[in-house]
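Trainee: I have a two-chain model to go through. Can we take it piece by piece?
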Amino acid sequence: MSTATRSLPRTIGAHAILLTYTAIALFPVILVIMNSFKSRAGIFSAPLTPPTPGTFDLIGYTTVIGQGDFIHYFQNSLVVTIGSLFFVLLFGAMAAFALSEYRFRGNTLMGLYLALGIMIPIRLATVAILQLMVASGLVNTLTALILVYTAQGLPLAVFILSEFMKQVSDDLKNAGRIDGLSEYTIFFRLVVPLVRPSMATVAVFTMIPIWNDLWFPLILAPSEETKTVTLGAQLFLGQFVTNWNAILAALSLAILPVLVLYVIFSRQLIRGITSGAVK
Amino acid sequence: MGSLKIENVKKAFGPVEVLKGIDLEVTDGEFVVFVGPSGCGKSTLLRVIAGLEDSTSGRVVIDGADVSVTPPAKRGIAMVFQTYALYPHLTVKNNMGLGLKQAGTPAAEIDRRIGIASSMLSLEPYLERRPAELSGGQRQRVAIGRAVVREPKLFLFDEPLSNLDAALRVNTRLEIAQLHRRLKATMIYVTHDQVEAMTLADKIVVLNAGRIEQIGGPMELYNAPANEFVAGFIGSPKMNFIDGARLGETAKTIGVRPEHLTVNPNSGAWKGTVVHAEHLGADTNLYLDCEKAGLITVRIFGVYDAEPGTTLYATPDPAKTYRFGADGKTIK
Ligand SMILES: Nc1ncnc2c1ncn2[C@@H]1O[C@H](COP(=O)(O)OP(=O)(O)O)[C@@H](O)[C@H]1O
Ligand SMILES: [Mg+2]
């Protein structure tokens with residue numbers, strides 16, 4: 001490597017910029033986590049200081065856990081997120097493969113139609129969706145949420161994945177065809193592993209809005225049985241009094257599962273990038 | 001067993017006609033090379049034979065059976081690709097065995113065939129490796145092994161040497177030639193490199209813009225090209241084409257291969273100045289700017305010292321001069 005790109009001032013400069021950015025990005029997260037361990041008085045008197053022996057208090061967590069159903073809300077959130085993610089990736093990848101691999105009449109039109117959803121927010125259709133769910137008896141079920149989120153995530157997934165699938169070597173797929181592999185085997189065994197990094201990217205982009213969503217759980221599944229974490233945390237947001245300890249604790253806890261999923265996917269991402277070329 | 005017949009095959013991608021009616025017969029055990037410039041439809045024709053692409057019209061007959069609607073795996077063919085196209089998640093052994101496994105061949109038989117193929121191609125030390133752990137040359141040998149193991153009626157090669165460096169290319173070319181001699185199988189080989197075509201083929205098919213220009217043995221194409229295109233494509237350096245009118249000839253174009261010209265410093269047919277000289281050791285290529293014939297190339301066997309700027313006379317061998325009509329066809 002040339003000395004120009006390695007000189008000390010440059011290295012320091014680059015690190016300074018990156019560290020500043022990291023600090024800014026992490027600041028709100030750290031603030032939430034720090035304050036979740038403080039007493040109510042501690043939160044309000046000195047919100048920017050870490051918990052001291054004087055202000056340390058687990059009241060937030062005990063409230064949340066004591067609420068009883070919170071574990072259940074977590075489960076609901078996980079089921080909905082992972083379920084939707086599974087279907088978005090599966091159907092998204094399959095549609096993308098069909099669009100990029102097969103020449104059929106209306107291919108381009110179909111691609112445009114599937115990508116249209118990126119530009120039209122699904123919430124515009126809330127009333128229709130609610131009517132549909134009522135008619136099909138799916139109100140207050142997790143299935144309703146999974147269906148809606150799958151629909152919401154698919155357009156972007158199809159759009160991104162079909163771009164990546166086009167780059168998978170034709171020769172490789174043709175070699176599989178000559179060896180007698182079915183189109184499904186070619187898709188699952190040859191193509192999907194090669195686009196895994198892009199699928200991980202899609203997974204991250206799909207997962208976070210689903211986990212954080214409040215709108216559809218509130219409208220389609222507000223029952224005690226089907227509440228998600230975000231909806232459950234609203235419990236502590238009163239009209240007159242807000243239980244900040246509990247909210248901050250619930251939020252801190254809610255970060256954990258997404259973090260775990262994120263770590264899993266980003267590993268895939270990095271492994272995909274470093275595992276080298278197709279050839 | 002391994003004959004191929006193509007009848008009036010046409011292929012269009014949307015409005016673009018890529019193959020404009022191809023007729024071809026390949027007999028059992030022949031080594032046929034499709035050669036032509038990039039984009040002329042060689043790969044498309046090969047993919048139509050393999051069944052990876054449907055022809056718009058026409059028939060493909062392998063061993064007397066019309067396979068136009070048979071899926072690739074059932075046509076009794078094997079294909080080697082330019083980019084190797086090995087399965088990245090499988091070991092060398094499983095790469096070679098996958099096709100047979102799919103066809104339900106017993107494991108013992110698969111092992112036997114992999115054993116033969118890997119010893120033929122010196123791949124034994126690598127059987128447990130993955131493609132990522134092999135060099136380019138080794139990968140292409142695995143790809144060839146994968147084809148051999150299937151014991152196909154027809155081997156199809158699509159520019160298998162294009163991704164290899166020059167030295168490896170010569171070695172692998174030799175290996176493919178030996179393979180053909182040992183297996184006596186029918187092979188169809190696509191390349192844009194006329195040297196590969198000349199060295200490997202029993203029969204060369206020269207393609208241009210979706211049409212067959214000429215079919216024949218290497219020497220037939222060299223000695224009796226059917227038209228200007230074939231004459232220019234076969235042979236290196238390229239044949240000199242001279243406007244007939246400038247030489248006072250009736251033919252539209254006169255063609256002389258560089259090796260069929262002799263030079264003399266004192267007298268000859270065409271007076272010219274040396275523009276550039278390439279010294280290759282075994283032979284010397286001279287570029288002459290001639291008063292009558294324009295810029296021509298002369299190939300002299302052995303070393304010939306000629307400084308740029310010197311005057312030389314070039315003389316064509318009249319017995320090896322080609323005459324082409326206005327339609328580009330050779331005038332006999
Ligand atoms: N799937 C395809 N869709 C549209 N055009 C194609 C397709 N495959 C090949 N072509 C076109 O057909 C022509 C011949 O291609 P090909 O057979 O690959 O040429 P080559 O002789 O270099 O192997 C090229 O002009 C190419 O652009
Ligand atoms: Mg090609």
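Trainee: How much area is buried between domain 1 of chain B and domain 2 of chain B?

Mentor: First, the ground rules: this is a predicted model, where local features need pLDDT of at least 70, side-chain atom pairs count only at pLDDT 80 or more, and totals for chains, interfaces and linings use all residues. Residues are numbered from 1 along each chain as its sequence is written, chains are lettered from A and ligands numbered from 1 in the order in which they are written, and side-chain values use heavy atoms, with hydrogens and water left out. Buried area is the accessible area (1.4 Å probe) that two parts lose on being put together, summed over both. Carbon and sulfur atoms give 51% here, and the total is about 580 Å².

Trainee: How far apart are the C-alpha centres of domain 1 of chain A and domain 2 of chain A?

Mentor: Chain A is assigned domain 1 (1-57) and domain 2 (67-275). Ten residues of domain 1 of chain A are in contact with nine of domain 2 of chain A. The C-alpha centres lie 31 Å apart.

Trainee: Which residues in domain 1 of chain A lose the most area to domain 2 of chain A?

Mentor: The two domains of chain A bury about 690 Å² between them, with 66% of it on carbon and sulfur atoms. Three residues together make up 59% of what the domain 1 side buries: A:V32, A:S36 and A:R40.

Trainee: How much space lies in the largest cavity?

Mentor: A cavity is a set of points, on a 1 Å grid over the protein atoms alone, where a 1.4 Å probe fits but cannot get out; lining residues have an atom within 4 Å of a point. Grid points are joined across faces, edges and corners, and a volume is the space filled by probe spheres set on the points. The structure holds two cavities of 30 Å³ or more. The largest has about 60 Å³.

Trainee: Which elements each supply at least two residues of the lining of the largest cavity?

Mentor: Residues from chain A, including A:A175 and A:I178, and from chain B, including B:F81 and B:R146, line the largest cavity. Elements here are DSSP runs, numbered from the N terminus: helices (H or I, at least four residues) and strands (E, at least two). The suppliers are α8 (170-178) of chain A with β6 (77-80) and α4 (136-149) of chain B.

Trainee: Which helix gives the largest share of the lining of the second largest cavity?

Mentor: The second largest cavity holds about 40 Å³. Both α4 (70-101) and α10 (196-212) of chain A supply at least two lining residues. The largest share, three residues, comes from α4(A).

Trainee: Does B:R182 count as buried or exposed?

Mentor: B:R182 lies in helix α5 (residues 166-183) of chain B. Buried means under 20% relative accessible area, exposed over 50%, and partly exposed in between (1.4 Å probe, protein chains only). B:R182 has 57% relative accessibility, so B:R182 counts as exposed.

Conventions:
On a 1 Å grid over the protein atoms alone, a cavity is a set of points where a 1.4 Å probe fits but cannot get out, and a pocket is an open set with protein on both sides within 12 Å along at least five of seven lines; lining residues have an atom within 4 Å of a point. Domain bounds come from an automatic or database domain assignment. Contact means heavy atoms within 4.5 Å.
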